[in-house]
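Please open the model in your viewer and keep the selection tool at hand. The tour below goes from stop to stop, saying what to select and what is there.

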Amino acid sequence: MTAPRATILVPAPSEELCLGFANTRYWRGSEPAATEQLRAAKDLADWLTAHASMPTGRRGRSGDLDDLFDAAIVLREAIYRIFLSISEGRAPATDDLDIFNRALAQTPARLGVSARAGAYSWVVASPSASLGGVLAPVLWSAADLLTHAGERRIRRCANDKCQGVFIERSRGGTRRWCDMSSCGNRAKSHRHYARSKKS
Ligand SMILES: [Zn+2]
């Protein structure tokens, strides 16, 4: 008899998770002065701990991520460009989909679902320390969102300096900014300032 495979329980990632990852570089319209949240493996480890924790036993130690860091940034940029393309009604570049699919293929198998305390989780084979293993929740989130892109309003922030990507879920479908508390208010106060200057 073979030993049972080690498994872990992983909550289903939200569709927003992958966009949160893409937006860890922000104020992209201000290049080359964009703000980079992931400057080193340690930053990536912290982000994963806060947003996409996978209890691999290896994750969270930034040393494990050192070798994967550059590839993680390449993947993040591909994910950003894929959803930026969709938000602008363009087909994503084949090269970006290839980068994405190569990492997606490394994600651990989802072997089943489990109900605990009334909530369902994925039962997942222990992930490898590969790019796809470490970033599995982000990759599943992006795959879910991509395959539902026709039903989602994927938008680019109307603030040209920001260019963050988000899912428009408001009832009226008129949300234009990634985050009303920053970009929206900034745009409003700029309009107010421009008006008051004219008068
Ligand atoms: Zn914005």
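Select helices H4 and H5, whose crossing is left-handed, a word used where the near helix is turned anticlockwise from the far one by less than a right angle, with clockwise counted as right-handed. This is a predicted model, in which local features need pLDDT of at least 70 and side-chain atom pairs count only at pLDDT 80 or more, while totals for chains, interfaces and linings use all residues. Residues are numbered from 1 along each chain as its sequence is written, and side-chain values use heavy atoms, with hydrogens and water left out. Helices (H or I, at least four residues) and strands (E, at least two) are DSSP runs, numbered from the N terminus.

Stay with this pair: H4 and H5 pack at an angle of about 125°, with their axes 9 Å apart, where axes are lines fitted to C-alpha atoms, for helices over the stretch in contact, and angles run from 0 to 180 degrees between N-to-C directions. That angle makes H4 oblique to H5; angles under 35 degrees count as roughly parallel, over 145 as roughly antiparallel, 65 to 115 as roughly perpendicular and the rest as oblique. To see the contact (heavy atoms within 4.5 Å), show Val74, Leu75, Ala78, Ile79, Arg81 and Ile82 of H4 together with Asp96, Leu97, Ile99, Phe100 and Ala103 of H5. By class, the residues of this contact of H4 with H5 divide into 9 nonpolar, no polar and 2 charged, given that Ala, Val, Leu, Ile, Met, Phe, Trp, Tyr, Cys and Pro count as nonpolar, Asp, Glu, Lys and Arg as charged, and the others, Gly among them, as polar.

Leu75, Ile79, Ile82, Phe83 and Ile86 of H4 make the contact with Val138, Leu139, Ala142, Leu145 and Leu146 of H7, a set with 10 nonpolar, no polar and no charged residues.

Move on to the zinc ion, which is coordinated at 2.3 Å by the SG atoms of Cys157, Cys162, Cys178 and Cys183; donors are N, O and S atoms within 2.8 Å of the metal (3.2 Å for Na, K and Ca), and water is not among the atoms, so sites may look incomplete. Along the chain, the donors of the zinc ion follow the spacing C-x4-C-x15-C-x4-C.

Finally, look at the backbone in two loops. In the loop between strand S2 (25-26) and strand S3 (35-36) you will find Pro32, and the peptide bond from Glu31 to Pro32 is cis, with omega near 5°. Trp27 also lies in the loop between S2 and S3, and its phi is near 55°, a positive value in a residue other than glycine. Gln163, in the loop between strand S6 (153-156) and strand S7 (165-168), has a positive phi of about 60° although Gln163 is not a glycine.
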